[in-house]
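Please review the briefing below alongside the sequence and the three-dimensional model.

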Amino acid sequence: MTILETMTTEATDTAIDLDHRHVAHNYSPLPVVAAGAEGAWITDIEGRRYLDCLAAYSAVNFGHRNPEVTATAHAQLDAVTLVSRAFHSDRLAPFCAALAGLCGKDMVLPMNSGAEAVESGIKVARKWGVDVKGVEDPESSNIVVARNNFHGRTTTIISFSDDDTARRGFGPYTPGFRSVPFGDAAAMADVVDENTVAVLLEPIQGEAGIIVPPDDYLPRVRALCTDRNVLMIADEIQSGLARTGRTFACDHWDVVPDVYLLGKALGGGVVPLSAVVADRDVLEVLHPGEHGSTFGGNPLAAAIGSTVVEILRRGEFQTRSTELGAHLHSRLRELIGRGVVEVRGKGLWAGVDIDPVHGSGKQISRMLADRGVLVKDTHGSTLRFAPPLVITADEIDWAVHLLGEVLAETA
């Protein structure tokens, strides 16, 4: 090892040690210290480059430092960034109009994080249940969710999570939720009653391992919600905004929910920006003082969100995700029987189940990081591939080749 290599290794170790001592341990990151990024690549503090196949859990769909997004951010920084909702801003209404149009809805409730959007959607559904559906006793209202869901980690959301790590020790839990198996429309129909105000689903379950439902599932859920006068809420925070090859994952099944929950890529990989998008008869149940956010819909985020909507309107990233996603899935399926058990997903979003004899998902992801490819594990033996949509076919080939090398080495 050269003196320079020793120094740079010490720099990484020092940065990780500082992180460990001063940053709350709510994540278990790979030993990579990012110092720069562009497109589909991240550069660490030692100058080593890594192909990013996670894209910040789909928050960086359009690439790190996307030129259109960063140009908008720079320009807005020279104008105004935050006034709160105590005043109007010249950026908020155009953003909400554009996003509502993209979704085919009337109104937008802007928030910041994905979990905030989910919490806001839950509040809206409960208020709609009382004001519009006419649930007589609000304490009896319920929302039906799917097992193995992931909608965030706030107190209310973990109350209907199956993830023991996220739940254990954080009770008491919020009541009012009923959980049924994902993909089972009949089971859902059995628990929806006169006090059900909403069904809350990920069209494709992300954290569970990129689980794609049967083709008849979402259409049957849509029909059930219409028949029973229940809001269908689609959490498209990870699956939406071109990730699966369509603007929204629901589009694969020609399903239009009553409420879209959006986040992550909506902020262009620059700022936190989320939204609840629905028609007027749903979102007008909110009145001044009933819900709010100081930073929700701030001018900087709204300007960036408008640029993201314009990018999505052009359709180029939906096309890239469709075409390159087919290539990614084809290449990954070549590893089935060679350390890979199953490959699932749509577009540039894949869940790859690793045969445990080769090691855990975390072990495989660390070995890939050593070779310059960044992925993240979930549920023990599953790797998630969700690269920025600017990735190329050659880069996909390189990443899959290195995965094959790791699996061969651990056989």
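The points that follow describe the second largest pocket and then strand S12. The model is a predicted one. The second largest pocket has a volume of about 660 Å³, and strand S12 (residues 350-354) is largely enclosed by the rest of the structure, because five of its five residues are buried.

**The second largest pocket**

- The lining of the second largest pocket consists of 24 residues.
- Nearest the centre of this pocket lie Arg85, Leu92, Val108, Leu109 and Pro110.
- At least two lining residues come from each of helix H4 (92-103) and strand S4 (107-111).
- Strand S4 gives the most to the lining, with five residues.
- By residue class, the lining comprises 13 nonpolar, eight polar and three charged residues.

**Strand S12: orientation of its residues**

- Ala350, Val352 and Ile354 point one way from S12, while Gly351 and Asp353 point the other way.

- Strand S11 (residues 340-345) runs antiparallel to S12 and is joined to it by five bridges.
- Within this pairing, Asp353 in S12 has Glu342 opposite.
- The hairpin of S11 and S12 has four residues between the strands, and Gly347 in this hairpin takes a positive phi near 60 degrees.
- Strand S15 (residues 382-385) also pairs with S12 in the antiparallel sense, over four bridges.
- Leu383 in S15 stands opposite Val352.

Technical notes: Residues numbered from 1 in each chain as written. Predicted model: local features only at pLDDT ≥ 70, side-chain atom pairs only at ≥ 80, totals over all residues. Heavy atoms only, no water. 1 Å grid on protein atoms, 1.4 Å probe; cavity = no way out; pocket = protein on both sides within 12 Å on 5 of 7 lines; lining within 4 Å. Points joined across faces, edges and corners; volume = space filled by probe spheres on them. Nonpolar A, V, L, I, M, F, W, Y, C, P; charged D, E, K, R; others polar. Buried < 20%, exposed > 50% of the residue type's maximum accessible area, 1.4 Å probe, protein only. Pairing = 2+ DSSP bridges.
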